Amino acid sequence: MKYELRGETLPVVILTLEQGESVYTETGGMAWMSEGFEMKTNMEGGILGGIARTLAGESLFMTTYTMKRSSGFIAFSSSFPGKIVPIYLEAGQSIICQKEAFLCAERSVKLSAYLKKRLGAGLFGGEGFILQKLTGPGWCFLEIDGEAVEYQLVAGEKIKVDPGHVAIYEPSVDFDIEMIKGFRNIFFGGEGLFLATLQGPGKVWLQSMPVANLAAKIIPFIPSSSD
């Protein structure tokens with residue numbers, strides 16, 4: 001399988017598949033494709049798997065596209081202004097990502113729900129207790145809100161992040177939440193009560209414009225019914 005990323009603000013990934021190769025996405029995720037694809041929609045992992053995916057921000061059913069001719073192309077577009085991040089996972093390698101980040105992946109990649117282990121991280125971590133987990137082998141493609149910034153943290157290295165800006169991280173990265181210190185910082189700093197602490201070793205992907213932040217900026221300008 002080969003891939004090509006097109007576009008800047010609202011990108012699309014175009015995959016070229018050879019005969020017998022497959023990719024899958026949530027229902028309604030495909031944008032366009034050439035002839036020759038066989039489409040199959042089912043509830044991956046049964047009822048429990050489907051329910052777990054809905055809690056992690058994906059659809060109950062998933063759709064698999066398999067190329068039946070010598071080759072063909074299929075495209076998946078982003079649903080929000082930002083970036084599409086391609087990641088290749090080795091066999092058994094995993095990544096953790098925010099809800100609704102999953103766009104598409106090779107059939108060999110497993111998508112499952114991931115439960116945050118710490119109470120504070122689940123309550124105040126910006127995405128709730130349940131995230132998405134992808135396990136290789138194979139290519140997966142994820143959506144990031146705004147621009148994507150990568151950091152490779154060494155063992156013991158920490159960065160502090162507004163929780164909504166955490167998009168993807170490797171399981172080896174320790175994710176925790178800490179309260180901002182200082183009365184004035186809490187009430188007048190504009191950063192909320194909590195920050196996420198990411199500690200290496202491992203790689204993290206941060207996003208510049210979480211959709212919740214964008215919505216908060218737009219809502220004051222939307223006319224209400226009383227106006």
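## Basis of the values

In this predicted model, local features need pLDDT of at least 70 and side-chain atom pairs count only at pLDDT 80 or more, while totals for chains, interfaces and linings use all residues. Residues are numbered from 1 along each chain as its sequence is written, and side-chain values use heavy atoms, with hydrogens and water left out.

## The chain as a whole

The protein chain contains 4 helices and 19 strands. Both are DSSP runs numbered from the N terminus: helices are H or I with at least four residues, strands are E with at least two.

Of its 227 residues, 42% are buried, meaning under 20% relative accessible area with a 1.4 Å probe, protein chains only.

## Strand pairing

Strands pair if DSSP finds at least two bridges between them. Strand β16 (residues 166–169) pairs with strand β9 (residues 94–97) in the antiparallel sense over 2 bridges. Strand β16 is also joined to strand β19 (residues 202–207) by 3 bridges, again antiparallel.

Ile-168 in β16 is the bridge partner of Cys-97, and its bridge partner in β19 is Trp-205.

## Cysteines

A disulfide is a pair of cysteine sulfur atoms within 2.5 Å. The count by this rule is 0. Cys-104 is in no disulfide, and its nearest cysteine sulfur, in Cys-140, is 8.9 Å away. For Cys-140, the closest cysteine sulfur is that of Cys-97, at 7.6 Å, which is too far for a bond.

Cys-104 counts as buried because its relative accessibility is 0%. Cys-140 is buried, with a relative accessible area of 0%.

Conventions:
Buried < 20%, exposed > 50% of the residue type's maximum accessible area, 1.4 Å probe, protein only.
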